[in-house]
Amino acid sequence: MFRFSLSIKMLAVGATVMLMAGGVPATALAKTYKIDCTKNGKLQSTINSAVDGDVIEITGICQENIVIRDKRLTLAGASTPGPHGITGTAALTDAVLIENSLGTDIEGLTISNPLSTGVRMLRSDVTMTNCEVSGSGASITGGATGIGVEEFSNFTGTRVRLDGNRIGLRANQSSRALCQACDLNGNTIWAAVSRLNSVVSLLDSEVTGNQGIWSNGHSYIDIDCLSYVSDPDHTCSLDSTGIAGQAFAGSTVGFYESGEFWGRFFAVDRSTVQLLGARQQTALTNSIDDNSSLTVAPGDTGASRLIGTTNVSGFSNALIYDVSTELNGSLNCNAGGDAWVDPAVDLLDPGFSINGCEHAP
């Protein structure tokens, strides 16, 4: 299970590298445009004039919605004191839409999406570095998604902050999103979502807010605090007041070397939750149902912990093993659910109970 999950992530990384490297010729005569939005500079007209490989340097905040289509450009904030970036002004329209672009870079920009999605990519390969994407998460129609990666797109973010959106990061329709040293804070519905055959990995990233990570439709999502450590001072953690992770319809949610995490988890309809070097801190009710599975095991560097009440039902199963794994609370099997618990597992609570599980001690 664990190796299978990592192989999915490796495929995602490989796909991103292939798209970045394949079929994109070098532009010998790249041009740099400088747009000063404090002096009413128009960004979209400059984008329309630019060609593959060109750089557009932005000063100030451009009050407009923009589209990059069928070309690969670099949008970068000026070196002068900022903020520099883009604020969308049209309702229900992406602040930045990138379509059919194999190699667009966005660097050092603040993008605000008070009326819709911040950055949306379709059939594109996009990188973002040192950026912030924010929205008005309290609004039903506003700030819908910070970054939307859709329709066979690939996204790599490094030091990206996603704050105050309804959904921070979303991958959809066979897309891939890797966010490295990112901060997903205060997003009101989910910090990150992976759906319809997509892959999302939050590497060395921090998640706070109401709900954490969610996958649906044969997809994979994880928070991974080991595979990529960009900055030893950057926090990698998951602190959710509600649901830490939820998987539906043949999908997987993974907590890989994430250490202490807050919130409960669910797996439904042939889905999987993996706690690998992850220690649950809140005594809530977890649920594994409808032919789903739970794995609780140590990671490469840390033990795991399962606390509260965990219900395993509907012909689902739980695998809990290794002497360093800790259990505190109750494990209940019913309606065809079962669990195997290593006899060496540390039962922290003397009153811990295992109920109805045929293959548990």
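Predicted model: local features only at pLDDT ≥ 70, side-chain atom pairs only at ≥ 80, totals over all residues.
Local features need pLDDT of at least 70 and side-chain atom pairs count only at pLDDT 80 or more, while totals for chains, interfaces and linings use all residues. Residues are numbered from 1 along each chain as its sequence is written, and side-chain values use heavy atoms, with hydrogens and water left out.

Start with the sulfur links. A disulfide here is a pair of cysteine sulfur atoms within 2.5 Å. By that rule the model holds four disulfides. Count the bonded cysteines along the chain, and the pattern reads 1-2, 3-4, 5-6, 7-8.

Take Cys37 and Cys62. Their sulfur atoms lie 1.8 Å apart, and a disulfide joins them. The angle about the S-S bond is 65 degrees, and the link is right-handed. It connects distant parts of the chain, with the two cysteines 25 residues apart. Cys37 sits in the loop between strand 1 (32-36) and helix 2 (43-49). Cys62 belongs to strand 3 (residues 61-63). Helices (H or I, at least four residues) and strands (E, at least two) are DSSP runs, numbered from the N terminus. Burial comes next. Buried means under 20% relative accessible area, exposed means over 50%, and partly exposed lies in between (1.4 Å probe, protein chains only). Cys37 counts as buried because its relative accessibility is 12%. Cys62 has a relative accessible area of 1%, so Cys62 is buried too.

Move on to Cys225 and Cys236. They form a disulfide with sulfur atoms 2.0 Å apart. This link is left-handed, with -80 degrees about the S-S bond. Both cysteines lie in the loop between strand 21 (220-224) and strand 22 (237-248), 11 residues apart. Cys225 is buried, because its relative accessible area is 15%. Cys236 is at 18%, and so is buried as well.

The next link joins Cys333 to Cys357, with an S to S distance of 2.0 Å. The torsion about its S-S bond is about 90 degrees, so the disulfide is right-handed. Cys333 is in strand 29 (residues 326-333), and Cys357 is in the segment after strand 32 (353-355). The pair spans 24 residues and links distant parts of the chain. Both Cys333 and Cys357 are buried.

Cys131 counts as buried, because its relative accessibility is 4%.

Strand 21 is mostly covered, with five of its five residues buried. Which way do the residues of strand 21 point? Tyr220, Asp222 and Asp224 point one way, and Ile221 and Ile223 point the other way. All of them are buried.

Strand 21 also has neighbours in pairing. Two strands pair if DSSP finds at least two bridges between them. Strand 18 (residues 199-203) and strand 21 pair in the parallel sense over five bridges. Within that pairing, Ile223 of strand 21 is the bridge partner of Leu202. Strand 23 (residues 252-268) also pairs with strand 21, in the parallel sense and over five bridges. Here Ile221 stands opposite Val253 in strand 23.
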